[in-house]
Amino acid sequence: MKESVIIVGGGPVGLLTTLGLGQKGIDVTVLEGESRPSDSPRALAYPAPILEHFDNLGILETCKTLGIVKTAVDWLVHDTGEMLHMSMDCLKEVSDYPMSLHLGQDKIALVVLEKLAELPNVSVRFSAKVKDIVQDQAGVRVTLDDGADEEVVEGNWLVGCDGASSLVRERVLKTNFFGITWPERFVATNIYFDFEAEGYTATTFQVDHDNGAVIVKIDPEGLWRCTYMESEALPVETVGERIADKFKTLLPGDGAWTLKQHSPYRMHQRCADTMREGRILLAGDAAHITNPTGGLGLTSGVLDSMALVEALGQVITEGRDSAILTEYSDDRRRKFLEIASPRASLNKQIVFHMGPGHQRDEWLGYMRRAAQNPDMLRQMFSFSEQLVSRF
């Protein structure tokens with residue numbers, strides 16, 4: 001009998017997992033509780049290993065036309081104005097993808113949905129709220145919350161891609177989600193502002209203990225993401241009222257800016273005890289969450305998807321022992337806990353907490369050398385390769 005997969009969660013990780021499995025001929029049903037893909041300002045950066053994956057899925061060229069291809073990263077010391085330019089040209093000798101891509105998660109969702117429409121073995125259902133999930137040795141049964149009527153969706157496997165407040169993780173796997181919550185609040189803003197006229201490239205990490213920010217260009221029409229940090233003690237209800245005052249010192253020059261949207265959110269470093277229990281697996285924020293400095297949250301999630309498509313695909317289409325799914329869980333957790341989460345925490349420390357002093361002087365000395373040394377740059381830009389799992 002042909003085996004099928006249920007994906008709970010229709011964000012980027014869930015939809016990309018669906019596309020990967022669907023292209024292998026596997027029947028997949030996506031259950032997303034919201035009525036449409038989220039357009040809230042969230043992560044948007046995809047490094048080289050993910051671009052190769054997008055290419056294999058047949059969506060890279062479309063993504064490149066909608067987003068911004070990045071070939072450098074800049075680090076700006078806010079109080080001195082020193083700009084350190086890190087070119088990705090050093091990757092041309094070792095990679096077919098010497099770049100990264102910026103594309104909002106709402107747009108990547110639409111690209112993947114269009115591709116999924118070509119697959120008769122895939123069904124994507126929005127406004128499909130999950131009420132209950134049970135599993136046995138043969139498969140998984142999902143009960144939908146349809147008011148008076150209860151619909152049941154059945155499959156052989158289920159993947160929870162339903163975000164940081166995952167129902168699959170909390171109510172079904174009942175696994176711990178230990179870690180920390182940072183004492184600050186992040187504020188992600190999408191704004192129109194001519195950063196390029198001020199010398200910024202597509203990605204600039206602005207280093208400062210008061211005016212630290214991650215500034216990236218989102219689309220060809222001139223929309224930028226500017227993410228900064230504020231005290232959690234300030235009322236979350238009035239975040240929007242404080243943006244103008246913050247931008248007086250955070251933004252360069254005196255050019256006009258227009259706010260399109262903003263989103264405040266808490267930051268965490270957390271990981272589930274396991275990403276597999278029987279026929280149920282986790283991927284993305286359902287399994288682990290990190291502060292977004294450096295884009296390692298979405299990167300880790302998409303790399304989960306890549307690994308899961310490979311591992312689960314082999315189990316279903318090649319009859320490989322399902323023990324490989326436990327290997328998936330162990331390896332993805334290790335890569336998050338030992339590599340991604342520590343680096344994201346270090347990135348946060350550098351961008352948002354480092355003021356003048358000995359520590360910054362040492363960091364600047366290293367970064368100045370790296371900017372002139374292709375081998376050092378190549379090592380920096382190849383960091384995401386350490387997060388890839390292969391089965």
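Tutor: Helices (H or I, at least four residues) and strands (E, at least two) are DSSP runs, numbered from the N terminus. This is a predicted model, where local features need pLDDT of at least 70 and side-chain atom pairs count only at pLDDT 80 or more, while totals for chains, interfaces and linings use all residues. Residues are numbered from 1 along each chain as its sequence is written, and side-chain values use heavy atoms, leaving out hydrogens and water.

Student: Okay, charges first. How many salt bridges are there in the whole structure?

Tutor: A search turns up 24 salt bridges. A salt bridge here is a side-chain nitrogen of Lys or Arg within 4 Å of a carboxyl oxygen of Asp or Glu. One of them pairs Asp27 with Lys2, at 3.3 Å from N to O.

Student: What does that pair tie together?

Tutor: Asp27 sits in strand 2 (residues 27–31) and Lys2 in the segment before strand 1 (4–8), so the bridge ties together parts 25 residues apart in sequence. Asp27 is partly exposed, at 29% relative accessible area. Buried means under 20% relative accessible area, exposed means over 50%, and partly exposed is in between (1.4 Å probe, protein chains only).

Student: Which residue does Glu82 bridge to?

Tutor: Glu82 pairs with Arg368, and their closest N and O atoms are 2.8 Å apart. That pair links distant parts of the chain, 286 residues apart: Glu82 is in the loop between strand 5 (72–77) and strand 6 (83–87), and Arg368 is in helix 9 (residues 358–371).

Student: Is Arg368 buried, exposed or partly exposed, and what's its relative accessibility?

Tutor: Partly exposed, with Arg368 at 40%. Glu82 is partly exposed too, at 22%.

Student: Where do Lys248 and Asp245 lie?

Tutor: Both are in helix 6 (residues 239–250), 3 residues apart, which is about one turn of the helix.

Student: Switching to cysteines. How many disulfides does the search find?

Tutor: It finds 0, counting a disulfide as a pair of cysteine sulfur atoms within 2.5 Å.

Student: Why is Cys271 too far for a bond?

Tutor: Because the closest cysteine sulfur to that of Cys271 is in Cys161, 15 Å away. Cys271 is buried at 4% relative accessibility, and Cys226 is buried as well, at 0%.

Student: Last one: where's Pro374?

Tutor: Pro374 is in helix 10 (residues 374–381) and is partly exposed, at 45% relative accessibility. Pro374 and Gln359 are 15 residues apart along the chain, with 24 Å between their C-alpha atoms.
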